[in-house]
Amino acid sequence: MSSTIQSALHPAGPQAARIAHLYWIFFWVCFAVYVIVVAFVIAAYIRGRRNAVADSEDTPGMRRAVISGAAITIVTLLILMGADAATGRDIGTFAQREPAQLEIDVVGHQWWWEVHYPDALVPSHSFVTANEIHIPLHTPVLLRLATRDVIHSLWIPRLHGKRDLIPGRNNKFWIQADEEGTYRGQCAEFCGMQHAHMSLVVTAEKPEAFARWKSQQQTGAVTPATPEQQRGQQVFLSAPCANCHNITGIDASATLGPDLTHVASRTTLGAGSVINTRDHLARWIANAQVAKPGAQMPPNDLSPDELNDLVAYLESLK
Ligand code: CUA
């Protein structure tokens, strides 16, 4: 079910399938051209060996060969160009054939992805997450792209080609996943020191599972249940954490760093830098620079008890 293959040649939806189709047209046309060119080179070599004296005169036969060679080349390039344009048009007009049933805003940051699920009818049902996108199967989804800093590029190879996130501009594209599973995506435009650690995961699931995930994300953070978690919440609010991170339901609403309302439900920390375990989380909070040098999150000087309580609290935020 789950797949870690990150390959544009294993499309899992109509948009990526169209791109893979174009790839194979280019592949076979170029392969045929290569074979023909090599055949001519070999033929010329054999012929040259037979005629010890080269016939360098400009014969009408040679002129015809050059003209037809040029014509075949131009026609071949026009065919490839036409196929390219047709693919671009198909991908760009997908929404006209299959209107989007879900709209998601993706904001690029150095070096993570902010993901908004806006709800125009009931704004309080909107929610924000990071580095993980969930979509229902067989459903056209619109991704709107923006960036908070530099140029990034969102690439989920099994679902779509690359699309840049450009300052001051709103780009978009449409995806649809027809296979249940997870699809890895990543930033595909060099955006600084941790460009390589700017990945995300798209989970395509049955509509019921998606609805469950969505309603869980729409609820505020759980209330601390144990004294440890209660102390951890106080650490969160008094330490620098709340200056950058939002946790819906408590007095922390900063948006500089990833929203942590449901941080424990996510699989990785630091946009795919490390697996989200208790140990990794503690190390990440103490000094994120070890796992992700250059990350915007500064080291935190907490006592072992404070760190333990804080991790217990964050781990409860399913
Ligand atoms: Cu963001 Cu590369």
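Guide: Contact here means heavy atoms within 4.5 Å. The model is predicted.

Visitor: Which residues does glutamate 132 touch, not counting residues up to four places away in sequence?

Guide: By that cut-off, glutamate 132 touches Val115, Val201, Ser265, Arg266, Thr267 and Thr268. Glutamate 132 itself is in strand β4, residues 132-136.

Visitor: Why is glutamate 132 said to have no salt bridge?

Guide: A salt bridge needs a side-chain nitrogen of Lys or Arg within 4 Å of a carboxyl oxygen of Asp or Glu. The nearest side chain of opposite charge, arginine 266, is 5.6 Å away, so glutamate 132 has no salt bridge, although buried.

Visitor: What lies 2.7 Å from a polar atom of the side chain of glutamate 132?

Guide: The backbone nitrogen of threonine 267 does.

Visitor: Why is glutamine 216 called partly exposed?

Guide: Buried means under 20% relative accessible area and exposed means over 50%. Glutamine 216 has 26% relative accessibility, so it counts as partly exposed. This residue is in helix α4, residues 207-218. Leaving aside neighbours within four places in sequence, glutamine 216 is in contact with His262, Ser265 and Lys318.

Visitor: Which residues of helix α7 are buried?

Guide: In α7, residues 278-286, the buried ones are Leu281, Ala282, Trp284 and Ile285.

Visitor: What makes the buried residues of α7 line one face of the helix?

Guide: Seen down the axis of α7, they fall within an arc of 160°, so they line one face. In general, an α-helix has 3.6 residues a turn, so residues three or four places apart point the same way.

Visitor: What covers the buried residues of α7?

Guide: The cover includes β13 (268-269), β14 (274-275), α8 (288-291) and α9 (304-315).

Definitions and conventions. Residues are numbered from 1 along each chain as its sequence is written. This is a predicted model: local features need pLDDT of at least 70, side-chain atom pairs count only at pLDDT 80 or more; totals for chains, interfaces and linings use all residues. Side-chain values use heavy atoms; hydrogens and water are left out. Buried means under 20% relative accessible area, exposed over 50%, partly exposed in between (1.4 Å probe, protein chains only). Helices (H or I, at least four residues) and strands (E, at least two) are DSSP runs, numbered from the N terminus. The arc is that of the directions from the helix axis to the C-beta atoms. Lys and Arg count as positive and Asp and Glu as negative; His and the chain ends are not counted. A polar contact is a pair of N or O atoms within 3.5 Å; within protein, one must be able to donate a hydrogen and the other to accept it, and residues adjacent in sequence count only if both atoms are side-chain atoms.
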